[in-house]
Amino acid sequence: MAAITAKEFSSLYGLSLPIVYRLCSVEGFPAVRFGRTIRIITDDLDTWMKEHTGQDVLGEAAG
């Protein structure tokens with residue numbers, strides 16, 4: 001199982017760290033916490049992203 005840090009994810013996907021931390025708290029997002037440390041499971045990330053394409057997973061859409 002391959003995993004990356006929140007900072008690495010932020011850099012790879014061009015997202016701010018606060019947004020990455022919010023994503024990590026979304027139910028079903030492929031991340032694990034070890035105390036204050038977060039690791040994002042890259043093996044499951046592509047599947048999660050495909051399943052949520054077009055969705056506002058953070059609930060920020062105006063409407």
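Tutor: Phe-9 and Phe-29 are both buried, where buried means under 20% relative accessible area, exposed means over 50%, and partly exposed is in between (1.4 Å probe, protein chains only). The model is predicted, so local features need pLDDT of at least 70 and side-chain atom pairs count only at pLDDT 80 or more, while totals for chains, interfaces and linings use all residues. Residues are numbered from 1 along each chain as its sequence is written, and side-chain values use heavy atoms, with hydrogens and water left out.

Now the rings. Three aromatic pairs are found in the whole structure; rings of Phe, Tyr and Trp (its six-membered ring) pair if their centres lie within 6.5 Å, and planes under 30 degrees apart count as stacked, over 60 as edge-to-face and the rest as tilted. Phe-9 and Phe-29 make an edge-to-face pair, 6.0 Å centre to centre with 85 degrees between the planes. Phe-9 is in helix α1 and Phe-29 in the loop between α2 and β2, 20 residues apart, and the pair thus links distant parts of the chain. Helices (H or I, at least four residues) and strands (E, at least two) are DSSP runs, numbered from the N terminus.

Phe-29 also forms an edge-to-face pair with Trp-48, at 4.8 Å centre to centre and 85 degrees between the planes. Trp-48 belongs to helix α3, so this pair ties the loop between α2 and β2 to a part 19 residues away in sequence. Phe-29 counts as buried because its relative accessibility is 6%, and Trp-48 is buried because its relative accessible area is 8%. Ring pairs join Phe-9, Tyr-13, Phe-29 and Trp-48 into a cluster.

Next, the helix that holds Phe-9. The buried residues of α1 are Ala-6, Phe-9 and Ser-10. They lie on the same side of α1 because they cover an arc of only 100 degrees around the axis, the arc being that of the directions from the helix axis to the C-beta atoms. An α-helix has 3.6 residues a turn, so residues three or four places apart point the same way. On the other side of α1, Lys-7, Ser-11 and Leu-12 are exposed. The cover over the buried residues of α1 includes β1, α2, β3 and α3.

Ser-10 counts as buried because its relative accessibility is 12%. Neighbours within four places in sequence aside, Ser-10 is in contact with Leu-15, Ser-16, Leu-17 and Val-20, contact meaning heavy atoms within 4.5 Å. Just after α1, Gly-14 has a positive phi of about 65 degrees.

In soluble globular proteins, nonpolar side chains tend to be buried together. Cys-24, leaving aside its neighbours within four places in sequence, is in contact with Phe-29, Ala-31, Arg-33, Ile-38 and Ile-40.
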